[in-house]
Amino acid sequence: MSVQAITNGMSLLTLDNPVLPSHYEIKLNLEPNSVTAKSSIKITMSKNDKMVASAKEDLKQFRLHSKDLKIANAFIVDEDSNKKLLLKWKEDVNTNLLTLNSEEAIPFKDNHFFLHIEYDATVKIIKTHEDKTYGIFKTNFMKQSSESSIADNVIISTHCQPSYAKTIFPCVDEPSIKTSFQLTLETPSQFKTISNTGIKSEEKLKSGRTVTTFKTTPLMSTSVFGFAAGDFDFIKSEVEMPISKKKIPLCVYAPDNIDFTVFTLDTIQKYLPLLENYFNKEYPLDKLDFVLLPFLSDMAMENFGMVSILMNHLTLPPQALANDNIREQCQQLIVHELVHQWFGNFITYESWEYLWFNESFATWLASVLLTETGDSPSYWTSNAYLQQHMYITMENEISNPSILSIIEQSKRSMNSEIIETSDVFNAHSYAKGIAILRSLQLTIGDELLKKGIQTFINDEKNHTHSIKPMDMWTQVGSTLKSANIANYFASWSRLQGVPIVHVEVETDGNNEISYKLTQHRYYHGEQDEIEDIPYHIPLFILNEDGSEDRNNVLFTDRTLIINGKKDLVLLNHNGQGYYKVSYESETLYDSICKQLLANKLNGVDLFTIMKDIKSFIGDEKYQKPIHFDGLFKILRTLCSPEIQLDETSVYWYGLNVGLDIIQKIDRYERTFKNVSMDKISQTLTSEIFIPFMNKIDWPKDFSKIKENVSTEQLECMSQIMFLNRQHGTIIKKCDTYFQKMLNGPKQCIPIELVNSILTVYCSNMTSLKQWKKLINVMDETSESNKEILQHLIENSDNLNKYEINFQFIKNSILENIGFTSKEELMERNLRYINEHIGSMNIEYILIGINYNSNGGDGDANEKNIKSIEEWYLTNLPNWIKIGMKLKNTIKNISLIVFQIVNNKKSFVDKLTRFKGNSLGIDFISYYSLATAEINSQKLIIEDLNKVL
Ligand SMILES: [Zn+2]
């Protein structure tokens, strides 16, 4: 035994109660108009074999969990003699413990006795989405089709996870104990009633009420107990299962819009048999229902045999189903809940600290099946997984020093009071869990992993007792005769952070090459802050012929030397590993480029390489000159004639990231204009900017080709436009684009290009007339501007990524209008900021000014900086006087101005007079922030100088 979980600062009943429930018989009486349910329960109490010490003593006292229950009677019945032994009880509202006492020793028969309790349970009324749906809850609703105007339909349902069963019946509300349940409900006869199992008997009473008794459940935890009753509509079907050969009835219940749930029923019908096959274990129940509810705080709950889901998630009109994303997300949700029927319900985790694993496993396996069937064919290499899931998780773990190992995190959350499922659910551990499972699947292979999981789930003891995830991996490992599996799992759940693998190529005297891999923890804290223990990293090495290296699969030591191999192209193929790779030899970039030239490198791999390089650049600890070398090699290759960059190319994603880095460099290059930057600037222009510009086929307008062009391609085009903003070809193109952007025709300029078109326009703007024209476009009241907005909205297919409203137009203009290099217009811009100081995002104007302030030549530059400095110092006292509502604007303005002014002692001295200002802004610390930013820029420029 090693249950370490602590609930409410107390030890678990499972550990120190002399008796524990082994079976519950619950009777509830549901009245549509009552806020209480008259109830009774018979609990089979059995000796707790985990508590050896007290076994010999006479039992007179024991405890149960109970919350908001009004107990009326408690007694023990000897079923042979029918003798009743009355109990006294005491409730502690702080600990939710119910202590039951007997004056005489409680008689056991075959190590158990029958406890009876009569009580009232509370029914919560739910009126809005803010009301929490825990315990028993009730809501009134009106059907859309209803002719009456009264919400006279009733839905009653339950939610027990993590520990709300104790508000429905007295119990031991801990996942480490599994019992069977039998429920009887008395309801108005017109109610549909649903619970974990099928109906055993129904009795209609004369009073117009029906008593429904459900079949006894398999062993399960209190958290997945549930029922629903009320005015439901339903659709049903049945499915023959492949292993048991049983026909399982399937049903979807909804208060309304039942026609829109057909897709849900179809999906259940398709995937339930697939899961039975996957586990080679029969579906544990005799039916499965999905119950859609108008309110549900946790959105979805996998009650055993009765999944409940917030209604609008699965009532899908045809137009929603036509959208691939929506359809796939719904399938994900449904199959996830189906996986739980086996893992999470039939198999139970003994403590809430493992909730992350329960959830990761369900999502992982759902994705495996959806990929196999082709419903979500490329999920693991999709944006949804790689960008929105994997990278966000890794970046989070790197940038957030408080992210602890999964084990520590889970224990921390267990030490505070558990109120809602979200208290024990850690989104980061969940996300990382999916990545760990995915890596494991690829490393040991689908079939072997499946075999291990099948052995585990078919072992009866894993059903009768709650388990730990580690138990599973130990057993899977021993089935497959591999100790690595348990070690792998332990490594990833114990070690926080993300590993970085450095790859170097070494050549010996005989010209034999070998690859040297070194791993460390990728982090930004102090050196000695965290132990640098090697991880168990699945490498996913890609060979030149497109196969994966099966000899070097798992990397568990500090270093690994790979000899006698010549064909390594890259690591972390398809981005499936949870680690970063730093390639540190030219040879490595050469083989990547060779694959590129042969059009054999896949888009995901290019993207992954670029993402890693991007995270090293500007990072004092990890940036190396070789990263720039590699980046330029790859970009030059992408420019070469062998590579086609058109609508069919898979390289836009990666190029997009690469050009992000170049944009960063382009900006710094201007900051350090005087620090021998000419060479860098010339090289970038001649080797990157112009070749990419020439490689793109710039259309007159986009109205004809728009459908075929991806967002990533458009974003790359936008970046290339930006980088070439001083080039005649682009200036001319953008003149046309700018006019079309403002005047149409419809659909001719994609929204992705708007910002860069404005940059080019503003960079080359020379007259006051042009400036005023842009300022006028920001006038929300003008009719012609409303047309422009309408026109831009029509240009956008991707409303998720770009929210197009008037503020979008304003922001774009504010961000770009400062790009003018005309002195007179810059003065105008500064004045404009001051005159409109309270208006939203007005400080954006400084972004362009910052870009250009250092870019001018010699004297003019000095003069510019001087006038910005003066402008700031003159106006700052007035802004401070305006008060708190300007605090953030002042902070933002200061940060940019400090970067522009860049390390001038006289300026810092002037700032000291704002010490103790009424807004409490610490200008000096902002100054150091700006300086730190400049220092990281310096680092980039220094390394760049080494390679160019
Ligand atoms: Zn789940």
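**From values to terms**

Guide: This is a predicted model, and the domain assignment of the chain gives domain 1 (14-231), domain 2 (234-348), domain 3 (352-494), domain 4 (498-642 + 653-690), domain 5 (696-820) and domain 6 (848-937). Taken over C-alpha atoms, the centres of domain 4 and domain 6 are separated by 37 Å.

Visitor: Why is H10 called roughly antiparallel to H14?

Guide: The axes of helix H10 (residues 427-444) and helix H14 (residues 484-494) come within 11 Å and cross at roughly 155°. Angles over 145 degrees count as roughly antiparallel, and therefore H10 is described as roughly antiparallel to H14. The crossing in which H10 passes H14 is right-handed.

Visitor: What makes the pair of Asp-549 and Lys-565 a salt bridge?

Guide: The closest N and O atoms of Asp-549 and Lys-565 are 3.4 Å apart, and the rule asks for a side-chain nitrogen of Lys or Arg within 4 Å of a carboxyl oxygen of Asp or Glu, so the pair qualifies. Asp-549 lies in the loop between strand S24 (542-543) and strand S25 (554-555), whereas Lys-565 lies in the loop between strand S26 (559-562) and strand S27 (568-570), so that the pair links distant parts of the chain, 16 residues apart.

Visitor: How many salt bridges does this rule give?

Guide: By this rule the count comes to 32.

Technical notes
Residues are numbered from 1 along each chain as its sequence is written. This is a predicted model: local features need pLDDT of at least 70, side-chain atom pairs count only at pLDDT 80 or more; totals for chains, interfaces and linings use all residues. Side-chain values use heavy atoms; hydrogens and water are left out. Axes are lines fitted to C-alpha atoms, for helices over the stretch in contact, and angles run from 0 to 180 degrees between N-to-C directions. Helices (H or I, at least four residues) and strands (E, at least two) are DSSP runs, numbered from the N terminus. Angles under 35 degrees count as roughly parallel, over 145 as roughly antiparallel, 65 to 115 as roughly perpendicular and the rest as oblique. A crossing is left-handed if the near helix is turned anticlockwise from the far one by less than a right angle, and right-handed if clockwise. Domain bounds come from an automatic or database domain assignment.
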